[in-house]
Amino acid sequence: VEGYFWNKVRGSGNSPSKGGLGWKNTFATMTGINHYIHTDWTLRLGYSYNKIPISHDNVFFSAFAPGNALIKDSIASVLSYKVSQSLSLNINAIYGFKNKITDNGKGVLNGSSKNTTLSSEIFLALVGVN
């Protein structure tokens with residue numbers, strides 16, 4: 001479990017009337033497995049559920065926020081090769097399932113942002129060295 005304290009950051013925590021995004025604190029719950037294929041090869045699979053920080057009152061103001069702020073469910077896999085005791089190579093794939101949120105019009109814009117909808121779906125492929 002991880003916690004994200006968005007309202008402690010001036011830009012994301014302040015209400016839109018004070019120049020912020022009005023995001024609320026959230027948490028993520030993650031689970032996964034490690035499978036040792038061979039002494040040098042490891043496969044990891046995981047799932048993450050995240051509460052999104054954007055409230056239905058402030059969707060309009062989050063239009064330029066990172067797309068991953070909208071992702072609730074994601075799966076990830078990592079294939080790792082241990083080159084030596086202190087060096088490994090990793091290939092990662094992460095998929096964030098599509099999610100959307102719609103402004104309810106009850107925010108500081110008095111209804112003019114009603115039905116503004118944001119949606120996001122993410123696929124990442126990464127190669128790394130540890």
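Two aromatic rings of Phe, Tyr or Trp pair if their centres lie within 6.5 Å. The exercises below apply this to a predicted model.

**Exercise 1.** Find which residues ring pairs link into a cluster.

Solution. A search of the whole structure gives five aromatic pairs. Ring pairs join Tyr 4, Trp 6 and Trp 23 into a cluster.

**Exercise 2.** Classify the geometry of the pair Trp 6 and Trp 23.

Solution. Start with the distance: the ring centres are 5.0 Å apart. That must be within 6.5 Å for a pair. Next, take the planes: the angle between them is 85°. Planes over 60 degrees apart count as edge-to-face. The Trp 6 and Trp 23 pair is therefore edge-to-face.

Now place the pair in the chain. Trp 6 sits in the loop between β1 (2–4) and α1 (10–13). Trp 23 sits in the loop between α1 and β2 (26–36). The two are 17 residues apart, and their pair links distant parts of the chain.

**Exercise 3.** Decide for Trp 6 and for Trp 23: buried or partly exposed?

Solution. Buried means under 20% relative accessible area. Trp 23 has 5%, so Trp 23 is buried. Trp 6 has 27% relative accessibility, so Trp 6 counts as partly exposed.

**Exercise 4.** Work out why the pair Trp 41 and Tyr 81 is tilted, and what the pair ties together.

Solution. The ring centres are 4.7 Å apart. The planes meet at 45°, so the pair is tilted. Trp 41 belongs to strand β3 (residues 41–50), and Tyr 81 to strand β4 (residues 73–84). The pair therefore ties together parts that are 40 residues apart in sequence. Last, check accessibility. Trp 41 is partly exposed at 35%. Tyr 81 is partly exposed at 30%.

Definitions and conventions:
Residues numbered from 1 in each chain as written. Predicted model: local features only at pLDDT ≥ 70, side-chain atom pairs only at ≥ 80, totals over all residues. Heavy atoms only, no water. Phe/Tyr/Trp six-rings, centres within 6.5 Å; stacked < 30°, edge-to-face > 60°. Helix = DSSP H or I, 4+ residues; strand = E, 2+ residues; numbered from the N terminus. Buried < 20%, exposed > 50% of the residue type's maximum accessible area, 1.4 Å probe, protein only.
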